[in-house]
Amino acid sequence: MPIQIFCSVSFSSGKEAPGPLGDVQGPHQRRQRDSSESEEEEEDTEKEAARKEASEGGLPTDLVAFANSCTLHGARHIFMEGGPGVKQALWAVAFVLALGAFLCQVGDRIAYYLSYPHVTLLNEVATSELAFPAVTLCNTNAVRLSQLSYPDLLYLAPMLGLDESDDPGVPLAPPGPEAFSGEPFNLHRFYNRSCHRLEDMLLYCSYCGGPCGPHNFSVVFTRYGKCYTFNSGRDGRPLLKTMKGGTGNGLEIMLDIQQDEYLPVWGETDETSFEAGIKVQIHSQDEPPFIDQLGFGVAPGFQTFVACQEQRQLIYLPPPWGTCKAVTMDSDFFDSYSITACRIDCETRYLVENCNCRMVHMPGDAPYCTPEQYKECADPALDFLVEKDQEYCVCEMPCNLTRYAKELSMVKIPSKASAKYLAKKFNKSEQYIGENILVLDIFFEVLNYETIEQKKAYEIAGLLGDIGGQMGLFIGASILTVLELFDYAYEVIKHRLCRRGKCQKEAKRSSADKGVALSLDDVKRHNPCESLRGHPAGMTYAANILPHHPARGTFEDFTC
């Protein structure tokens, strides 16, 4: 690698005073004297720098200077030259108290943030039209007595709580064609042919003042057997809309529940019903009915008014602020996620795994459970699933859903004045009308919908703002003050490390690069200018012009 030579040349214009014996020293002695003098001067310079570093680089002086220039209020009154005093002690006590109050407030704000609070915002939005919800209704009696034959009764005996040796005590229908077809008994087909037909139950139907009928309903199976849904939106049917609120601007139906077709109660089972009437559930079209759990009852002999209000956007927060979960429906049976869809899907999988069958209302292609399987496996398995095995079916609250709030009121029907008219109109007795007829009126109370949204009550921006405000109030600091403290700590650590020897190595390395000092007389003695004037191309100087440095070639004209 190339070798670089550094030299520094100093010129002295003063003449040295000769000694008493005159200038008897030769050039070599003079160079030695000059070299020793320069070494002494270098040692004195290093000692002076060390003393200056020791006096100016100490921690107390630096801390005082930092306190005077720092933006932390009160620091300049605590760290002062001259040592501690009464004034400094009072300022120190005030600063410690303010710092303690600041830290208490910061701890309180952080604890509040970690509690993840939220607020709920309620807003009502007016609109010119609303999509009417889906309305599912079921007769509480699943099987008509007139459709029950003796083979059917023997097949359904486990579900009805009837022993095969008991006398049913009621007249039964003759066996149907299915009894002689040789096909295995299918509970789904049995419910489909023996249920209460909507054509027989529906006496009157009106929607927004216009007529409606069974063709506006879709068939759906639930725990009550075969049920019917109005405005389901399935099979390509458009959703019905309403333009006004109030009674008469929704669905109004009159039903005959046909109590004379109800099965007698032979025993108490999960499929036994003691009620008379219908179960109704109002839900969105994206949500399957779960009427045995979420439906409300409508009794015969009354006209029931149901005022609805749509809660379209129920937006909940995920953990840790809320309990909802943004989930997608991973199911072979349902496209969109809802709590009821999750429950039905989970119960279906549980029965298929444990009983190798499914109930009538459950989706899928597994075989339907027989009445014996209903009694021995399906019903106990569902009861165990609800009561004990809470970890198998975990259906999280969706973060966005639509719900319908309901207000129910009712009046007696028929009145004494209308009983004879209705009996004559439907060719029934007045007693029959009072025991079997009901009217259901479902409508929107007002033409608007509610939005309910959960929002974070305290976010990270609020936390930082509170901490910054408390910091400025109590100790007069900011984020830049914190940076100043870190910068001072860095300088202190760097100073400590340098004093341990890291900086001394750099000082030795830099001192090794120093050159020698030549007096002007040494240069003049060789008279380089005269020689250069007579030698245009320059010349090579002798080795002793630079002590301890041999000749390296042409010496540059640095004196002329």
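Modeller: A helix here is a DSSP run of H or I with at least four residues, and helices are numbered from the N terminus. With that in hand we can look at this model, which is predicted, and in which the protein comes to 16 helices and 14 strands.

Colleague: Which residue follows helix 5, and what is its phi?

Modeller: Helix 5 is followed by glycine 161, and the phi of this glycine is positive, near 75 degrees.

Colleague: What makes you say that helix 5 is largely enclosed by the rest of the structure?

Modeller: A residue counts as buried when its relative accessible area is under 20%, and eight of the eleven residues of helix 5 (residues 150–160) are buried, so the helix is largely enclosed by the rest of the structure. Those buried residues are Asp152, Leu153, Tyr155, Leu156, Ala157, Pro158, Met159 and Leu160, and what covers them includes helix 6 (187–194) and helix 10. For the protein as a whole, buried residues make up 37% of the 560 residues.

Colleague: Why are helix 9 and helix 10 called oblique to each other?

Modeller: The axes of helix 9 (residues 339–355) and helix 10 (residues 371–387) come within 10 Å and cross at roughly 130 degrees. Perpendicular would need 65 to 115 degrees and antiparallel over 145, and the rest, apart from the parallel range under 35, counts as oblique; helix 9 and helix 10 are therefore oblique to each other. Their crossing is right-handed.

Colleague: Which residues make the contact between helix 9 and helix 10?

Modeller: Helix 9 contributes Glu347, Tyr350, Leu351, Asn354 and Cys355, while helix 10 contributes Gln373, Cys377, Ala378, Ala381, Leu382, Phe384 and Leu385. Sorted by class, this contact has nine nonpolar, two polar and one charged residues.

Colleague: Is asparagine 356 buried or exposed, and why?

Modeller: The cut-off for exposed is over 50% relative accessible area, and asparagine 356 has 57%, so it counts as exposed.

Colleague: Is asparagine 231 buried or exposed, and why?

Modeller: Buried means under 20%, and asparagine 231 has a relative accessible area of 4%, so it is buried. Asparagine 231 lies in the loop between strand 7 (225–230) and strand 8 (241–242), and its phi, near 60 degrees, is positive in a residue other than glycine.

Colleague: Which residues of the largest nonpolar core touch the most other members?

Modeller: Among the 33 residues of that core, Leu251, Val280 and Ile442 touch the most other members, and strand 14 (residues 437–456) gives the most to the core, with six residues. Leaving aside residues up to four places away in sequence, valine 280 touches Val135, Thr136, Leu137, Ile291, Gly295, Phe296, Val298, Leu440 and Ile442. Apart from this core lies another, of 31 residues, including Phe221, Cys355, Val360 and Leu385.

How values were computed: Residues numbered from 1 in each chain as written. Predicted model: local features only at pLDDT ≥ 70, side-chain atom pairs only at ≥ 80, totals over all residues. Heavy atoms only, no water. Axes fitted to C-alpha atoms, helices over the stretch in contact; angles between N-to-C directions. Helix = DSSP H or I, 4+ residues; strand = E, 2+ residues; numbered from the N terminus. Left-handed = near helix turned anticlockwise from the far one by under 90°. Contact = heavy atoms within 4.5 Å. Nonpolar A, V, L, I, M, F, W, Y, C, P; charged D, E, K, R; others polar. Buried < 20%, exposed > 50% of the residue type's maximum accessible area, 1.4 Å probe, protein only. Core = buried A, V, L, I, M, F, W, Y, C linked by side-chain atoms within 4.5 Å.
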